[in-house]
Amino acid sequence: MDKIIDIDSPDEFIEEIEKIQGALPKRINANPKNVEKGLSKLVLTLIELIRKLLEKQAMRRIDAGSLSEEEIERVGETLMKLENKMQELKVIFGLKDEELNLNLGPLGDLM
Amino acid sequence: MEYVTTKSKDVTLLEILDRVLDKGVVISGDLVISLAEIDLIYVGLKVLISSVETMERLRGAPFASPMQEPK
Amino acid sequence: MRIYAYAVIDSNSKITAPINGLEGIGVYNISYRDIGIVVSEGEQIQDITQEHILKHEEVVEKLMESFTVLPVSFLTLFKKKDDVLLMMQEHYSDFRENLDRLRNKVEFGIKIIWPGETIKNRVIEASKKLNANVAIADNTPGKSFAMQKLEKYKIDKEFAEEADRCIALLDDFFSRFVTEKKLEKLKSDNLLLNAYYLVEKEKQGDFKEAFERAKNTPGDLKYLFSGPWPPYNFISLTKKSSSLDYLNTKDVFTKLVNNLDLTEKNII
């Protein structure tokens, strides 16, 4: 089959493609020996997912003007605490931001 | 003999990797041999290119690219 | 001994023209009812190399010349023929549906790079100007944090909207010639679009021409066009068996996300 590859600037595409290939392994070995490493990444990515979604929800509502000044303040404080907690967890598990990214297909990238 | 290596070849490989490693008919389950017997594949052009390079180094000669005719 | 699978095909006959698979071993068709799965046998591969992957793809593409194929993911291995047949039985209706849907169709990939970083910086500058006069002296920590996040949210939103506009413009060129498509937007700031298009074989020429026309769109865009490919991105399987030893992470997250009903309209 004749494959057409028509491309401008292959270097740039290689750079971008390698960026997005994702830190999360395609499959996690759930055998007892390796389970910890893979699962902690999975769990933290999940927590990060929820945190980011909460943050986004809050921003959407602030942007839409549906929160009072007091509510904005409280939401801000809560989000700040969540973010700090997340930072602590990352340090404890020795994981970096890039390692917790995940491409969710039609939802796009997590971050 | 002269081997023409172009970045386009790398791009083609990346395009192939994007498809064959994770897409198409993906079957998991008891009927399929568990990957415990094969090391986890971390996708990335660098990972695969380097395993070929390592072998070339050990052998002392470059492999012919399956996608290119030697000139 | 391992059985390596390459593709499910719309035929239960023997493969007449010989094709060599991994480790140079000839492939053959294991038939099940009116379809089949093309496999080869071999020993355990120790080191996975570029060559193995390219060979797998080569086999699938050769098959595609004569059959409708459902390409199988690389390194799908079975212990024995009975396992293969059981698998075929489990998935028969899915395979049948996919083969019918994908007959005479091929996949193309289009990736587009745009000056994302530049555009984002422009949006950031505009946002800074807008917020320059807002008093911040008497903000509580909570409010400051929220405002900071809000600014970032607005910037990302504006950036995503610009991307959507650009993508809509480009996608418009192709839509007429495709039967299905999958668009991934802004996988990175600079990768505006990663798209997979399913195109009828007879419309390949039209599709390619549409791409050539799309390339004339102004705006410092860079294009990658590849294909025709076997339809890796358009296989849909309803039955998903899960292995006890391995968790497919994308599956786990997609299932989770679906359960939480996190569609775009709920988030943005």
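Mentor: Helices (H or I, at least four residues) and strands (E, at least two) are DSSP runs, numbered from the N terminus. In this predicted model, local features need pLDDT of at least 70 and side-chain atom pairs count only at pLDDT 80 or more, while totals for chains, interfaces and linings use all residues. Residues are numbered from 1 along each chain as its sequence is written, and chains are lettered from A and ligands numbered from 1 in the order in which they are written.

Trainee: Which elements does chain A have, and in what order do they run?

Mentor: Chain A has three helices and two strands. Read from the N terminus, the order is β-α-β-α-α.

Trainee: And how much of chain A is buried?

Mentor: A residue is buried if 20 or more other C-beta atoms lie within 10 Å of its own, exposed if 12 or fewer, and partly exposed in between, with C-beta atoms placed from the backbone. In chain A, 23% of the 111 residues are buried.

Trainee: What should I know about confidence in chain B?

Mentor: Look at pLDDT, the predictor's confidence in each residue, from 0 to 100. For chain B the mean is 59, and 37% of the residues reach 70 or more. Over residues 36–45 of chain B, pLDDT stays under 50. A contact is a pair of residues whose C-beta atoms, placed from the backbone, lie within 7 Å. For residues 36–45 of chain B the model has 24 contacts beyond four places in sequence. Residues 63–71 of chain B also stay under 50, with 15 such contacts.

Trainee: Let's turn to sheets. Which strands form the open sheet, and in what order?

Mentor: Two strands pair if DSSP finds at least two bridges between them. Here five strands form an open sheet, ordered β1(A)-β9(C)-β6(C)-β8(C)-β7(C), with antiparallel pairing. The edges are β1 (4–7) of chain A and β7 (178–185) of chain C; each has a single partner strand, so one side of each is left without a neighbour in the sheet. From one strand to the next, the twist averages 10 degrees.

Trainee: How many bridges join β1(A) to β9(C)?

Mentor: Four bridges join that antiparallel pair, and Ile7(A) has Leu224(C) as its bridge partner in β9(C). Leu224(C) is also the β9(C) bridge partner of Lys111(C); β6(C) and β9(C) pair over six bridges, again antiparallel. Seven of the eight residues of β9 (residues 222–229) of chain C are buried. Further along, β6 (residues 105–113) and β8 (residues 191–200) of chain C share nine bridges, with Ala195(C) in β8(C) as the partner of Ile110(C).

Trainee: How do I describe two packed helices?

Mentor: Two packed helices are described by the angle between their axes and the distance between the axes. Axes are lines fitted to C-alpha atoms, for helices over the stretch in contact, and angles run from 0 to 180 degrees between N-to-C directions. The axes of α3 (residues 116–131) of chain C and α4(C) come within 10 Å and cross at roughly 135 degrees. That makes α3(C) oblique to α4(C); angles under 35 degrees count as roughly parallel, over 145 as roughly antiparallel, 65 to 115 as roughly perpendicular and the rest as oblique. Residues meeting there include Ile119(C) and Val123(C) in α3(C), and Ile155(C) and Phe159(C) in α4(C).

Trainee: Where does α4(C) lie relative to the strands?

Mentor: Helix α4 (residues 141–175) of chain C lies across β6, β7 and β8 of chain C, and runs at about 160 degrees to β7(C).

Notes: Contact = placed C-beta atoms within 7 Å.
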